[in-house]
Amino acid sequence: MNTVLEKGNIIAKILKGEDLEQIIDCVKSEIYQNGPNSSLILEIVSYFKLFQSKFFEKEEQEIIATMGLFFKQPKVENLTGLVFDMYHQQLKDEFGDDYTPMQADILKKVRDLQYFSFSAPTSTGKSFVFRHLISECFNDVVVIVPSRALINEYYDRLNSLIDIKTVNILTFVDRINTKHIHRNIFILTPERAKELFKNKDWLKINLILFDEAQLSDEQSVRGLYFDSIVRRALKYFPDAKFVFAHPFVENPEAQLQKNGIEIIDTTVAYNNYELKNVGQIFYAHDTANKKFYHFGSNPKILGKQKMEAHIDPIESALLKGGSVLIYVPKSHIYSKQIYSQFQKYISMCQPINDPIAIKMIDELKEYIGASTTDKLFYNSDMLEKLRYGIVVHHGSMPLTARLILEHFTQQGFCKICFATSTLEQGINMPFDVVYLDRFEESKILSIKNLIGRAGRSTNKPVFDFGSVILRSNAMSRFRKVYRKKSTLTTKSRLDIADDKIDEKYEEYKDAINNGEFSDEYNLTNKDLEKLKSDSITTLVPTLLDMMFNGADFVLPNAVAKEVYQDFQCLYRHYLGRDLTSAEKYVFDSAIKIMIWKVHGKTFSKICQERYAYVSKAAERRSLSKKGHQEDADNLTVSYIAGYNDIPNKELRAYPLLSANTKGKDVDYDRIVYDTYDFLDKLIGFKLSDLFYATFHQYYLAYHDDRAERLAKYIKYGTEDLTEIWMLRYGFSFEEIEWLKPCVEKIDQTEIKFNEKVEVLSDAQKSSISKYIF
């Protein structure tokens, strides 16, 4: 590091205008020699732009050219600029786009090698490279991502980039539309990726891309599952290219080592790219005296003392039309503490009148079934705040809602976003300011990912930077984490003998290692044997008698209690033990929701039913009509168990809402989040596999058609063949409602529409246009 910088106190010097020429020369030579790979150097550049913008203007074009940000089309103003412009032209001739040197290198490596594992910071445009790699493959491509939220993002982007009339872009493995389409792009979570192996005979896979591949380090069944998918893919698709991408990981080669890919081979490489596109500056917020202070990530060079900032960076970003991400615990979102804590900034947000934004808000309202007109019934606080550009984002937010909110943010309508760590999973939502209201130093990668959201990399020919704010008491902890390297383990959890988490985890691991895992049912063979036991097979016909009236599939209202008990019995035999009373409460809520779902109730209807029950909506309305408003307002809630993960012997019974909550004060959003948790994390992730396997295996053994029908209801939510095909073509139940009358014929080869499509709205027509030839 240059002696000018080693003298220290750089922030104060730039602010006072001291030694500017020497400091900027030193910074330029550092970027020229090593590229933009030092966060510290870019932090110094950011201070020039903040404090000495006039002085910085004459250096700006050269700096963005030397950083290799050719997509910004920097102006050539001197010899250095000319050299880099020639480099830009050479990359453009070779790769056909304005790639940065890092992007071009990734492209080259993937084109030339069979196995490539790399790490790169957030906001450096790796997804842009991936989309181009995917579009130039001739055969099938598989993208594996850790969450369904990321599936949505890829799906959206690829749909706009690729000719969807010639390529299937699917979020599950299926063979459809074969008459018109000869190649597929599958975007999958590890759980859905198992379907690849059942279909290996007809798949022709060119490329398998594992994005956010640090999931393999997770100490969970998902981490095991991820590694098992990698290993099986290497075995079943030996000719495919394998690419592993991570953010901020020091040793991307670990991914190759843990899966037995020999690094000495010429078809294999790894790289840790540290190049960045944006700079960042840091503030400490003293909440007691309501002041903000500049501080440097490296005190030795930037200055040991924090310096008072004479602006409020959040206020300043909002006034300029920017956006702010505030990272908070989920409990503060649920308790609404965030609204009083950040009231100053919330009150700066004006109502949004843009018709596109209003349409998105209405779509969301429709989807969750909320009212925004009646404060006492089905009122959604989330939607009210959204009208002011205030977004809430967390893991219990329904996926469809999350997608709408992400579009809302990407289109620039979001002013403040309160988010938990779900946002760090690579979802492309950059902000001008990131405020860390909570700081968990154990989560190094999470923190680096969240900080990486500060600063949007724009296409304008300017140097971009963002601001990160934390509490004063987190300053030294932050510096430690910021400098700390994040590494992956080089041994897969599948190969570690003594990492006992719980019995189920061990059982799962043995099954995967010994090939005792059923892809068809997504369960271990040991579990499947349990589900064939006499104690379970004697229960099934009783359940079928209650769920069917002759040939009719009925909602078992009269015998609901017995149905819950029988399902509970099935689950008990599967677990091999009695449920605790807390587990029973959770299980009963889950079964009730599952039965509504198999009877085709939409998400909004299920939320409304649960809200009406817990808030005593009918009783309140009736009292109110009779003129007893005070009695109506004083009614307290009915007991309802909130979502919790089961099985869990240690679980304590707790109601979703405390017993003294008034019915009129029930937070509709809270019901929405809880219902989604049940559907997604418990029913979707665990119970539906279990019950599908129970009834399907019973059908195979005893040929009772009702068992097959119920299995279909559990798996698809319908037994209607046309509807099942429509689901396989990617339509949701909400879309099936209006589209089904327009379907003349549908099967594996194609979907044909009748003349009724003519009366569909433009939006409806555009959503089916890829199937009209």
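Q: Hi! In β4, what is the bridge partner of valine 143?
A: Hello! In this predicted model, valine 143 has isoleucine 187 of β4 as its bridge partner.

Q: How many bridges join β2 to β4, and how do the two strands run?
A: There are 4 bridges between β2, residues 140–144, and β4, residues 183–188, and the two strands run parallel.

Q: What order do the strands take in the sheet?
A: Reading across the open sheet of 7 strands, you go β3-β4-β2-β5-β6-β1-β7, with parallel pairing.

Q: Which strands stand at the edges?
A: Those are β3 (167–170) and β7 (268–272). Each has a single partner strand, so one side of each is left without a neighbour in the sheet.

Q: And what does the twist average from one strand to the next?
A: The average is 10 degrees.

Q: New topic! Which residues have a positive phi although they are not glycine?
A: Asparagine 9 is one of them, with a phi of about 55 degrees. Lysine 616 is another, with a phi of about 50 degrees.

Q: Where do I find asparagine 9?
A: Look in the loop between α1 (3–6) and α2 (10–16).

Q: Last one: is the peptide bond from isoleucine 646 to proline 647 cis or trans?
A: That bond is cis, with omega near 5 degrees.

Conventions. Residues numbered from 1 in each chain as written. Predicted model: local features only at pLDDT ≥ 70, side-chain atom pairs only at ≥ 80, totals over all residues. Heavy atoms only, no water. Pairing = 2+ DSSP bridges. Axes fitted to C-alpha atoms, helices over the stretch in contact; angles between N-to-C directions.
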